[in-house]
Amino acid sequence: MNSQFMYIVIISLYFIAMIGIGVFFSKRVSDDKDYFLAKDKLSAPVIGFSFSATQMSGSTYMGTIGTVRGMGYSFVPSALSSAAAPWFCYVLVGDRIRKISARFKCATIADIFEARFGRITGIVSAVIIIIASIPSIAAQLKAAGTAFEVLIGIPYVASLFLFGGIVVVYTLLGGMFAVAWTDLIQGILMILGMTILLPVVLVAAGGFTAMHEAYAVFNPNGISFQGSQPLMWIISGFLVWGFYQIGGQPAAVTRFQTTSDSGKLKRALIYSIIFESIIFLFVSMIAIAAGALIPELKSSDMALPMLIQTYLHPILGGVVLAAALGAMMSTVDSVLLMVSSIFVNNIYIKAFNNKDISHEKVTSLGRTITVIIGVAGLLIAIKPPDAILWIITMGFSIMAAAFTFPLLLGLWWSKATDKAGLIGIISGAVAAVVWYVLGFIKYHSLSVFIGGIWPAVFGSLISLIVVILVSKITEETNKDTIALFFDDSDEVGA
Amino acid sequence: MKKPEFPKVSLMLMIIFTVVGCILVSIPNLPRNIFGIDIAVFTVGYLGYIYLILACMYYAKTGK
C-alpha cells in the first residue's frame, strides 16, 4: 500500500467520524437556542477546545510552519502572542459577555453591541461581521482544496466540494453541538499530530542545539528576533495576534455565550491555553527543524507535507494531515454557524422586524442560511475574484480595529455612550482599510505597512480615541440600560 | 447595585507580558549561548508559554 492510499484511508475515517458527530447531535437540537448556542449544554473542555480550534485556522498549522521556517524567530513573538489570545479574551471580555448574554438573552456578538449601544450599532456590527467573515470561509475552503490536491491528488474542485460538503452537512445537522464537539476532536487530533511529528524531526535534526546551529546556517538572519523583519513589524505582530483577537475573532468569542456558569468558563480557559501553548510551541519548533532539515524547498507552504512524507510512517502521516484538515474545518464550521446566527437573529428578525417567528422556523431558517453561506463560500473558492482576496486579507484586521475597543469599553466603562460605540466601530473599520490602502499605494503590497504598523493596531487606536472623545461630548446612555448592564449581582445575572 | 470588578492583577500580568516581551524583542546582538539561541529568544519563544499557563491558572483560581 502506498502512502497516498494510507492518507486517503485515514482521512476518510476522519470524515466519517465528523459526519457521525453531526448525525448524533442532530437529535439534541430541539430549538434555535440549541442550534446556535447549545446554551448550558457544553462542558468546559468542549468550550475551551472549541474556542481555540476556532481561533486557530488552517494557516496556523500549515502556514505558520512555512512562515517560521522562512522568517525564523522574527515570527515567534507572533506565535506566542497567538497562544496568549485565550488569556486576553477570557479575562478581559469573557466573563462579562457570559453574564450580559444571560441577562439580555444575547445569541450573537452583534446582540451584545445592540444591548449596549443600541439597535443601529447592532445592525452595523452584524453587517461588518458578515462582510468580513464570508470570504474567510472561502479562504479556508480554498486552502483545504489546495492541500487535498497537492497531498492526495484529488482534483481541486472535487476536493473543495468534498471538504466543504462535509463541513456544511455536520454543521447544519448538529449546529453548535456538532461544531463544538468536532472542534474538540479536531483539537485533540491537532495536539496528537504535533506530538507525533515534533520528536521525530528533533531527533532527525540532531537535537535542540544542533537544530539551531543548522538553522543558523540555513537562515543566519532568522536565528534571532531582529534581522529578517523591521522591529515595528515584529512588535506589531506581538501585539496584534493575542490582544486583538478580542474583536478580530467574533466566531471564537461567541463561545463565551454558550454558558451561564462562571466556573465552567474559567475551567475552559485552562483547556484553551494549554491547547494553544502546545500547538504554537510545537509548530515553531517543527518549523525551525524544517529549515534545518529541508533547506531546499520551492514553496514554504510545502514544509509540513515534505516533513510528513520524509519522516513519518504513512499511518502517522495520515493522522497529521487529518489534523491539518481539522484545523481548517474547525474554523469554517464556527464561522459558518456564527454568520447564519447573525443573519437570522440580527438581520432577519431584528433589522427586518420579524419578531413573531416561531423557534422551529428560526432553527429551520438557520439551517437554510448555513447551507446558502456554505455553498456561496464554495462557489467563491472555485476562483476567488481579486476584490474577495482583498477582503480575505483584511477581514481579521477590520474586525479587530472595529470591535476591540468598543467591546472592551462597552463592557467595562459605563460612560461610553451609544453614539460613541457606533462611531468607534465605523471609524476603526474605516481607518484599518485606509491604512491598508496607504500601504498598498506606497509599497504595492497588502502585507507591508507604513512604519511597520499593522492596520489592526492603527485602526483600533483611532477607534479607541473616537470612543473616548465622542463619549465626552454626546448624551449619556439611558440610565436604566446602564444600571442593568453594569449590575454584577448574581440575582440579576444568570 | 454591585459593580463588575475588573481583574486588575491579570491586567498587571498582561502589561508585564507585553512590555517585557517588547523589550526582549528589541534587544539587538545578544550572544547565542543557550541551545544555540540567545537569551531573549529563549525567554520569549519558550519560557513565555509557561508564564501564560501560570497566569491563566491564577485567573481561573482567583478571578482576579
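**Architecture of a predicted two-chain model**

A38(A) is buried, with 25 other C-beta atoms within 10 Å of its own; the threshold for burial is 20 or more such atoms. The structure described here is a predicted model. A38(A) lies in the loop that joins helix 2 (32-36) to helix 3 (44-55) of chain A. Although A38(A) is not a glycine, its phi is positive, at about 50 degrees.

A residue with positive phi is also found in chain B. F35(B), which is not a glycine, has a phi near 55 degrees. F35(B) is placed in the loop between helix 1 and helix 2 of chain B.

**Architecture of a predicted two-chain model**

A38(A) is buried, with 25 other C-beta atoms within 10 Å of its own; the cut-off for burial is 20 or more such atoms. The structure described here is a predicted model. A38(A) lies in the loop that joins helix 2 (32-36) to helix 3 (44-55) of chain A. Although A38(A) is not a glycine, its phi is positive, at about 50 degrees.

A positive phi also occurs in chain B. F35(B), a residue other than glycine, has a phi near 55 degrees. The position of F35(B) is in the loop between helix 1 and helix 2 of chain B.

Chain A contains 21 helices and 0 strands. Its C-alpha atoms occupy a box of roughly 65 × 50 × 45 Å along the principal axes. Of the 494 residues in chain A, 60% are buried. Among the contacts in chain A with a separation of 6 or more, 85% are made by residues 24 or more positions apart.

One helix pair in chain A illustrates the packing. Helix 5 (residues 76-83) and helix 14 (residues 262-293) of chain A pack at an angle of about 165 degrees, and their axes are 8 Å apart. Helix 5 of chain A is therefore roughly antiparallel to helix 14 of chain A, as angles over 145 degrees are classed in this way. The crossing of helix 5 and helix 14 of chain A is right-handed. Helix 5 of chain A contributes V76(A), A79(A), L80(A), S82(A) and A83(A) to the contact, and helix 14 of chain A contributes E276(A), S277(A), F280(A), V283(A) and S284(A). By class, the residues of this contact are 6 nonpolar, 3 polar and 1 charged.

A further position in chain A is I482(A), located in helix 21 (residues 479-486) of chain A. I482(A) has 17 C-beta neighbours inside 10 Å and so counts as partly exposed. When residues up to four places away in sequence are left aside, I482(A) touches S414(A) and T477(A). K264(A) is 218 residues from I482(A) along the chain, and the C-alpha atoms of the two are separated by 27 Å.

Chain B has 2 helices and 0 strands. The C-alpha atoms of chain B fill a box of roughly 55 × 20 × 10 Å along the principal axes. The radius of gyration of chain B is 16 Å, whereas a compact globule of 64 residues would have a value near 11 Å. Buried residues account for 31% of the 64 residues in chain B.

The contact between the chains involves 39 residues of chain A and 34 residues of chain B. On the side of chain B that touches chain A, the elements that give two or more residues are helix 1 (8-26) and helix 2 (39-62) of chain B. Helix 2 of chain B gives the most to this side, with 13 residues. The residues on this side of chain B comprise 23 nonpolar, 7 polar and 4 charged.

How values were computed
Residues numbered from 1 in each chain as written. Chains lettered and ligands numbered in written order. Predicted model: local features only at pLDDT ≥ 70, side-chain atom pairs only at ≥ 80, totals over all residues. Helix = DSSP H or I, 4+ residues; strand = E, 2+ residues; numbered from the N terminus. Buried ≥ 20, exposed ≤ 12 C-beta atoms within 10 Å, placed from the backbone. Contact = placed C-beta atoms within 7 Å. Nonpolar A, V, L, I, M, F, W, Y, C, P; charged D, E, K, R; others polar. Rg over C-alpha atoms; globule rule 2.2 N^0.38 Å. Axes fitted to C-alpha atoms, helices over the stretch in contact; angles between N-to-C directions. Parallel < 35°, antiparallel > 145°, perpendicular 65-115°, else oblique. Left-handed = near helix turned anticlockwise from the far one by under 90°.
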